[in-house]
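Here is a brisk report on one protein model.

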Amino acid sequence: MFDSVQFFKQRFKEHLKELNRYLRYIFNGHIAFALFFFISAFAVYYQKLLQELPDDFPAALLMGVVFGLVVSYSPIRTLLKEPDLIFLTVAEHEMRHYFRRTIVYSFIVQLYIVVLVSAALGPLYMAHYTERQGKMYLLTILVFIIFKIWNMISNWWMLKVQIKEKRYVEQTIRITLNILIFYFLIRGSILVTTVLTVIFFILYMMNHRRAEQINQLNWELLVEKDQHRMQTFYQFANMFTDVPHLKSKTHKRTWLVRYFGRTAYRNENAFTYLYRRTFIRSGDYLGMFVRLLVIGGLAIYFIPNIWLKILFAFLFIYMTIFQLMPLYHHHRTNIWIDLYPTSQASRVQAALQLFMQLAVVQVVYFSVIVLIIAQWLAFLIVLLGGVVFSYIFINTYAKHKLKAKS
């Protein structure tokens with residue numbers, strides 16, 4: 001007889017082993033240093049911002065949106081794999097205890113988001129609503145946890161629905177209700193909050209009734225969503241170490257390839273051509289580069305202290321180069337590139353050259369932002385210092401790492 005509880009324990013053990021395999025590379029000295037710096041800088045300026053908070057600041061709207069989005073995002077980690085579509089569907093009626101434990105596991109894992117958001121928004125709540133006691137915010141956190149549970153269960157029920165449009169409509173309504181409920185709760189409008197909660201509970205029961213009418217799980221959707229979340233984790237882990245399970249998606253991006261992917265037609269440019277196109281067309285690197293450009297630019301623009309602007313510029317340059325390094329191993333499973341009439345040194349040099357070109361683009365971008373909001377001295381420090389720092393870091397640390405893994 002199939003034991004779903006024992007099966008969950010086995011699958012859960014394998015899942016933890018897989019996570020630990022990569023987490024030890026992610027939370028190494030580099031990321032720990034960056035996180036410590038970001039948290040320290042954020043805490044200092046967050047406290048300063050709260051002291052200068054205007055009376056008309058929309059604290060309730062901001063907190064309502066954040067709380068509402070966090071409780072609405074309640075994915076279920078089922079730990080299912082593609083072969084389960086064949087071997088487990090016949091035992092669906094015996095999988096109740098398995099899925100119940102996956103829901104509990106998903107809730108426990110997402111509690112850290114609840115804790116982080118509650119801790120981050122607590123000072124804002126106390127600073128804006130000085131007349132209220134701390135017990136009111138504790139009550140808000142309790143409601144936060146309850147709605148997190150309700151949303152997670154609703155999400156599980158809706159995963160049975162085959163029609164994608166119905167799931168999207170229900171999710172949109174639920175997100176809107178969550179935001180409104182927390183907005184009016186934080187404002188202190190208990191009556192409106194109660195009415196909206198009743199409406200949410202009606203939707204909750206409708207989802208329950210709809211799920212009871214559907215006898216079969218949507219196994220394809222469950223596996224697809226779980227595999228997508230694991231691929232997202234693998235993409236993130238691939239910035240720190242090689243991930244053989246990573247399934248990379250490619251995009252045409254024709255105009256980018258046309259203008260930025262071209263190179264002279266010579267033997268020694270084979271890997272220059274390959275890495276440029278990989279950077280542009282892969283689903284990993286271009287998006288990461290653009291995100292760090294945007295986030296770094298916003299951080300430099302809004303941080304008031306000029307020396308911290310410069311420090312953040314160097315930190316984002318370092319993070320970008322560090323996270324571009326897996327590009328060198330992107331085609332490691334493709335045996336055809338071993339037939340290229342090029343040396344190993346030329347492969348490393350092609351990757352380092354691309355890293356330097358992208359670093360210069362980032363340095364110029366950050367320098368322009370500093371010039372707009374600061375002075376010439378800071379502009380020159382970021383521009384010249386960023387280029388020198390990038391050159392030294394790429395030709396020492398990055399070069400050593402690439403050669404060590406060749």
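At 1% relative accessibility, T320 counts as buried. Buried here means under 20% relative accessible area, exposed means over 50%, and partly exposed lies in between (1.4 Å probe, protein chains only). T320 sits in helix α13. Helices (H or I, at least four residues) and strands (E, at least two) are DSSP runs, numbered from the N terminus.

Which residues does T320 touch, not counting residues up to four places away in sequence? They are M288, F289, L292 and Q362. Contact means heavy atoms within 4.5 Å. T320 and L293 are 27 residues apart in sequence, and their C-alpha atoms are 8.8 Å apart in space.

## Basis of the model

This is a predicted model, in which local features need pLDDT of at least 70 and side-chain atom pairs count only at pLDDT 80 or more, while totals for chains, interfaces and linings use all residues. Residues are numbered from 1 along each chain as its sequence is written, and side-chain values use heavy atoms, with hydrogens and water left out.

## Overall make-up

The protein has 15 helices and 0 strands. Of its 406 residues, 45% count as buried. Take the contacts between residues at least 6 apart in sequence: 81% of them join residues at least 24 apart.

Helix α13 covers residues 306-324. It has 19 residues and reaches 27 Å from its first C-alpha to its last, close to the 27 Å expected at 1.5 Å a residue. The expected span is 1.5 Å times one less than the number of residues. Of the 19 residues of α13, 16 are buried, so this helix is largely enclosed by the rest of the structure.

Helix α12 covers residues 285-302. Its 18 residues reach 26 Å end to end by C-alpha, close to the 26 Å expected. The buried residues of α12 are Y285, L286, M288, F289, L292, L293, G296, G297, A299 and I300. Seen down the axis of α12, these buried residues fall within an arc of 165 degrees, so they line one face of the helix. The arc is that of the directions from the helix axis to the C-beta atoms. An α-helix has 3.6 residues a turn, so residues three or four places apart point the same way.

## Helix α3 against helix α5

Helix α3 (residues 59-72) packs with helix α5 (residues 96-128) at an angle of about 170 degrees, and their axes are 11 Å apart. Axes are lines fitted to C-alpha atoms, for helices over the stretch in contact; angles run from 0 to 180 degrees between N-to-C directions. The two helices are therefore roughly antiparallel. Angles under 35 degrees count as roughly parallel, over 145 as roughly antiparallel, 65 to 115 as roughly perpendicular and the rest as oblique.

On the α3 side, the contact is made by A59, L62, M63, V66, F67 and V70. On the α5 side, it is made by I113, V117, L121, L124, Y125 and H128. By class, the contact has 11 nonpolar, 1 polar and no charged residues. Ala, Val, Leu, Ile, Met, Phe, Trp, Tyr, Cys and Pro count as nonpolar; Asp, Glu, Lys and Arg as charged; the others, Gly among them, as polar.

The 14 residues of α3 should span 20 Å, and its end C-alpha atoms are 20 Å apart, which agrees. Buried residues of α3 include A60, G64, G68, V71 and S72. The buried residues of this helix pack against α5, α6 (134-158) and α7 (164-187).

T102 lies in helix α5. Its relative accessible area is 0%, so T102 is buried. Leaving aside neighbours within four places in sequence, T102 is in contact with F8, I76, R77 and T78. The C-alpha atoms of T102 and F12 are separated by 8.8 Å, although the two are 90 residues apart along the chain.

S118 is also in α5. Is S118 buried or exposed? It is buried, with a relative accessible area of 8%. With neighbours within four places in sequence left aside, S118 is in contact with Y137, I141 and F144.

## Two loop residues

L79 is in the loop between α3 and α4 (84-87). Its phi is near 60 degrees, a positive value in a residue other than glycine. At 5% relative accessibility, L79 counts as buried.

G188 is in the loop between α7 and α8 (190-213). At 41% relative accessibility, G188 counts as partly exposed. G188 and A60 are 128 residues apart in sequence and 9.5 Å apart in space, C-alpha to C-alpha.
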